[in-house]
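Please open the model in your viewer and keep the selection tool at hand. The tour below moves from one selection to the next and says what is there.

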Amino acid sequence: MKITKIKLIYILLGLSSVTTSCKDKLDTVPTTSVTEEQIYKDTRGVATVVNGTWKYLNDTYFTFANPGYTSVMRTSDAMGSDVAVTTKYGYRDAYGFTELDNRRSYRVSSFWTLFYKVIDNTNNVIAKVDGVTGDIADKNFLKGQAKALRAFIYLNLASFYQFSYLKDKNAKAVPIYIEPSTLQTKGKPRASLEELYQLIVKDLKDSEVLLASATKVEKYQISIDVVYGLLARTYLQIGEWKLAAEYATKAGAAHNLMSASDYQAGFNDAQNSEWLWGHLQTTEQNTASYTFHYIDVSSSASYYYSFMADPYFKDLFDKDDVRYALFEWDGLKGREGFLRYKKFKMKTNQIGDIVYMRSAEMLLIAAEAYARAGEVDKAVAALNKLRKARNAKLFEGRDGATLIAEILVERRKELWGEGFALSDIIRTQGKVTRKAFLNDKGEPIQVQVVDEEGKTKLVDGQGHRVIKFSDGSNFVNNSPYYLFAIPNTEYEQNPNL
């Protein structure tokens, strides 16, 4: 792969006071620029790289529908079973399976650029931090952050660019780069899933040691609990069930499940007790908050309100479940008959923090891993701990297959809108399940709404618009439509791909 040298752009992202200029064509080192030697002089400079890389991952605008990593999460959910995307701007093509398999799609190239620039930044930190001036504890923390972040990106690449590891661990996925890129860097061939996951596990195990004694870690930074959580996700992907359960339990141990009122508060505050990891937003730095314009379907400030719920998704919930109260039929003009799922709400200043990892997810990982390992009692206990917190009916069965199916449905219910829909379908070798909201006669199902004047009336219910692949074929397991394409420019620049 021909990686364009980033020329310290990642540094400038973290230094709002730094600008570059060039008074003369011969002025190769402008007086207002920061050289690589200066940045990699001490741990303070390296910290700027790490923070700038995190900001790049989250706050890079490719388009309004591609605000950094949150657009990956939105794409995953749009391509799943439970989000009924409207015709509004944003994720219509992803929802209709006409975009992510297109090598010339702008979103395809945006994701690839985002992932590999972050990898290159972390490679620079990992390669250089030991040689800078500063305390060994600070160096360990920075290297641990970089290795865990690199693992997180490669985990995304492994999850979206090839089928499940359990289907074929030798399948080729994406290239691996672990050294800083230069103008002389040659493109590498695609590595196998086995090679990818070996690197991911190694990076996370290294981070586990490097971050073991870290204190006062901010929510946007990678704590030891986040490392445990990433290991739990990784081990679940590769079928190491007992390790997945072990690390999921460790990750969530110190993070209490939220109350019912907190659940309905809008999923916009990283200080929520359940959140292990998230991207904080301010009124000055709020690019990632733009994603709320798609998933917030209840705030008047929302531009697009395009992520409505499949009406059949509502049927998965018990009526006493605290999550059931989030459903509401929309009666506003242009949106009549769509089903709102009011999980995400902007704060009053029209921003919102982005959730990356919660203890509820860790309970679900533990439950699934225990179930797949045949430890039914532990699996049921983990599942029911979450269901009790959500005031949902407890699971009482003993059949392993039924239990796993219940856990996978619970993942859909609990993690809706948090970026897991497509990756779970790929991981479990499942398929998208959508059907039109029609009765047995093929007629629209009527639903009751309250219009803008406060009047109650019946209208046609709106559900999924797309119920087949773009070629007209039915949704199936392990379809190539589920995979993200490698951009055409990459094939042109990397003859080894």
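A charge is taken to sit over a ring if NZ of Lys or CZ of Arg is within 6 Å of the ring centre and within 35 degrees of the ring normal. This is a predicted model, in which local features need pLDDT of at least 70 and side-chain atom pairs count only at pLDDT 80 or more, while totals for chains, interfaces and linings use all residues. Residues are numbered from 1 along each chain as its sequence is written, and side-chain values use heavy atoms, with hydrogens and water left out.

Begin by selecting Arg103 and Tyr491: the charged end of Arg103 sits over the ring of Tyr491, 3.9 Å from its centre. Next select Lys250, whose charged end sits over the ring of Tyr228 at 4.4 Å from the centre.

Now turn to the aromatic pairs, of which the structure holds 47; rings of Phe, Tyr and Trp (its six-membered ring) pair if their centres lie within 6.5 Å, and planes under 30 degrees apart count as stacked, over 60 as edge-to-face and the rest as tilted. Select Trp112 and Tyr116, a tilted pair at 4.6 Å centre to centre with 45° between the planes. Both residues lie in helix 6 (residues 106-128), four residues apart, about one turn of the helix; helices (H or I, at least four residues) and strands (E, at least two) are DSSP runs, numbered from the N terminus. Trp112 and Tyr116 are both buried, where buried means under 20% relative accessible area, exposed over 50% and partly exposed in between (1.4 Å probe, protein chains only).

Move on to Phe152 and Tyr356, another tilted pair, with 5.8 Å centre to centre and 35° between the planes. Phe152 belongs to helix 7 (residues 136-160) and Tyr356 to strand 6 (residues 354-358), so the pair ties together parts that are 204 residues apart in sequence. Phe152 counts as buried at 3% relative accessibility, and Tyr356 is buried with a relative accessible area of 6%.

Finish in the loops. Phe267, in the loop between helix 11 (260-263) and strand 2 (275-279), has a phi near 50°, a positive value in a residue other than glycine. Most residues other than glycine have a negative phi. Phe267 counts as buried at 5% relative accessibility, whereas Gln429, with a phi near 55°, is partly exposed, its relative accessible area being 27%.
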